Amino acid sequence: MVYLASLAVAAALLVHQVTERWQKDLAGGLTIQVPPPTAEDAGAVYAARVDQLVRLLGEWPGVAHAQHLGPAEVSALLEPWLGEAGVPQDLPVPALIAVELAPGAAPDLSALTAELRGVAPGVLVDDHQRWLGDLLALGQTIKVGALVVVLLIIFSAVTAVIFLTRTGLAIHQQVISLLHVIGAHDAYIAQQFQIHALRLGLAGGLFGLGLAAATILSVGAWLRATENEVLPDLSLSLGSWSLLLLLPPATALVAMLTARVTVLRSLARMP
Amino acid sequence: MVRFEEVSLRYDAGPEILSQVSFALDPGSFHFVAGASGAGKSSLLRLLFLGLQPSSGRFSLFGRDVAGLSRDEKALVRRRIGVVFQDFRLLGHLTVVENVALPLRVTGQKGQKIHEHVTELLSWVGLADQLNAFPPTLSGGQQQRVAIARAVIARPSLLLADEPTGNVDDRLAVRLLYLFEELNKLGTTVLIATHNESLVARFSHPVLRLKDGSITPERAAYATSSSAAGTAA
């Protein structure tokens, strides 16, 4: 169960890491798409229009820097989809202008779009929010899903411990009855079971975490080996590993408390 | 020490096992509880070691009304009672020493002192050479003595024995009774439940006779009961 819980938590942590990284990379920037040149305005006319757009953007309040991405940079961006061959000559590709906003700046995008379209009709101003919003929503869904999985696993673990403890109580009924008669406090009897549950929970938890760590590292290594450029780096941070390390003691604690409550409730039925 | 006032006992909705039983045991006394099988001797002992709750009536142990005791207080009262069960109730996975040490362990005592104390007692009951044996490997008589040692290791004020001679021959039964008398001389109040009439006849201790759920004192028991409890049913 710790194995499954570790994978669920790891998935949630990875998604959190990835979305946070993307958010950090994309927030505070704009991408301007200039429609590909037509037969009439190809060549110098189109290049001059793009340069005019870059100048206009550079002077716009709140914009720190604007840069026209050359063919090499566009090819690099499209490499995961089009391969190392780059963009075919006959494929119409829009010109891209990367805009870096000043820290804390929030320019009026409608006014900016209108101004840009006055220079180049059809210009698109993308602040990445729609894409980022969808991505964050997906990330949030995955995190909630992982939380539900973890809760279900905790519920299953608690149920399993209750049944195991009850079985233990039935098996050791003679011992419990004797300890009760010779004057053992309920807490003393419960302690014998809860220590056992704690040890089992810790051992099982560490084993499950070990398996989960092996799985996570193997998947990460496999993804790196495939030189996949679409998926982001799926390696967990040190903080995430530290969080996963808390799972075995947390599980052991849950097992211990469950065993204690179960035993005490059973003993309460004895006079 | 022990005082029963019109105590009745029934299991759930079943018939009364004990009916309005009244008696008292003075500190340092030695009593038999006699009666045929099924007369309620074991139930009476279970009441005494707080293994059951009476259906009605009042009883007190060591001067305290049992009904008013909390769970923790009941545990403390049980520590003052030693019980020898008819079936011994020894734990097969523990050695003789560990079995006998249990009542000391539950009180939180640890270490070498327990071992010395237990070893000394086991020598006294003639089991010095069986310290590390496991109960299933012992004879009935040896198991009986381990059970007795466990019952008295914590120096109980009250010793209850349920058919302690049921599994041993007459000669050993008499020896066990002498052992209980020795403990009684040390100040322990002793109450022995038995259906062995010849054994009861052989010793001159007062008898509480159980029949049809009622108790009838015999020999000096009447005087003891009357003076302490007022009535003896």
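What is the order of the strands in the open sheet of chain A, and with what pairing? The points below take this up together with some other features of the structure.

1. The structure is a predicted model, in which local features need pLDDT of at least 70 and side-chain atom pairs count only at pLDDT 80 or more, while totals for chains, interfaces and linings use all residues. Residues are numbered from 1 along each chain as its sequence is written, and chains are lettered from A and ligands numbered from 1 in the order in which they are written.

2. Chain A has nine helices and four strands, where helices (H or I, at least four residues) and strands (E, at least two) are DSSP runs numbered from the N terminus. Along the sequence these elements follow the pattern α-β-α-β-α-β-α-β-α-α-α-α-α. Of the 271 residues in chain A, 24% count as buried; a residue is buried if 20 or more other C-beta atoms lie within 10 Å of its own, exposed if 12 or fewer, and partly exposed in between, with C-beta atoms placed from the backbone.

3. To return to the opening question, the four strands of the open sheet in chain A have the order β2-β3-β1-β4, with antiparallel pairing, and two strands pair if DSSP finds at least two bridges between them. The edge strands, each of which pairs on one side only, are β2 (63-69) and β4 (124-126) of chain A, and the twist from one strand to the next averages 20°. Strand β1 (residues 29-34) of chain A runs antiparallel to β4(A) and is joined to it by three bridges, and A:Q33 stands opposite A:L124 in β4(A).

4. Helix α2 (residues 44-59) of chain A packs on this sheet, where it touches β1, β2 and β3 (95-101) of chain A, and its direction makes about 165° with that of β2(A). Here axes are lines fitted to C-alpha atoms, for helices over the stretch in contact, and angles run from 0 to 180 degrees between N-to-C directions. Two residues are in contact if their C-beta atoms, placed from the backbone, lie within 7 Å.

5. The contact between the chains takes 12 residues from chain A and 17 residues from chain B. On the side of chain B that touches chain A, α2 (71-78) and α3 (96-105) of chain B each supply at least two residues, and the largest share, five residues, comes from α2(B).

6. In chain B, helix α6 (residues 170-185) has 16 residues and reaches 23 Å from its first C-alpha to its last, close to the 22 Å expected at 1.5 Å a residue; the expected span is 1.5 Å times one less than the number of residues. Which residues of α6(B) are buried? They are B:A173, B:L176, B:L177 and B:F180, and because they fall within an arc of 100° when seen down the helix axis, they line one face of α6(B). The arc is that of the directions from the helix axis to the C-beta atoms. On the other side of α6(B), B:R171, B:Y178, B:E182 and B:K185 are exposed.

7. Two residues of chain B deserve a look at their backbone. B:L50, in the loop between α1 (41-48) and β4 (56-61) of chain B, has a positive phi of about 60° although it is not a glycine, and B:L50 is buried, with 20 other C-beta atoms within 10 Å. B:R155, in the loop between α5 (140-152) and β7 (158-162) of chain B, has a positive phi of about 50° although it is not a glycine, and B:R155 is partly exposed, with 13 other C-beta atoms within 10 Å.
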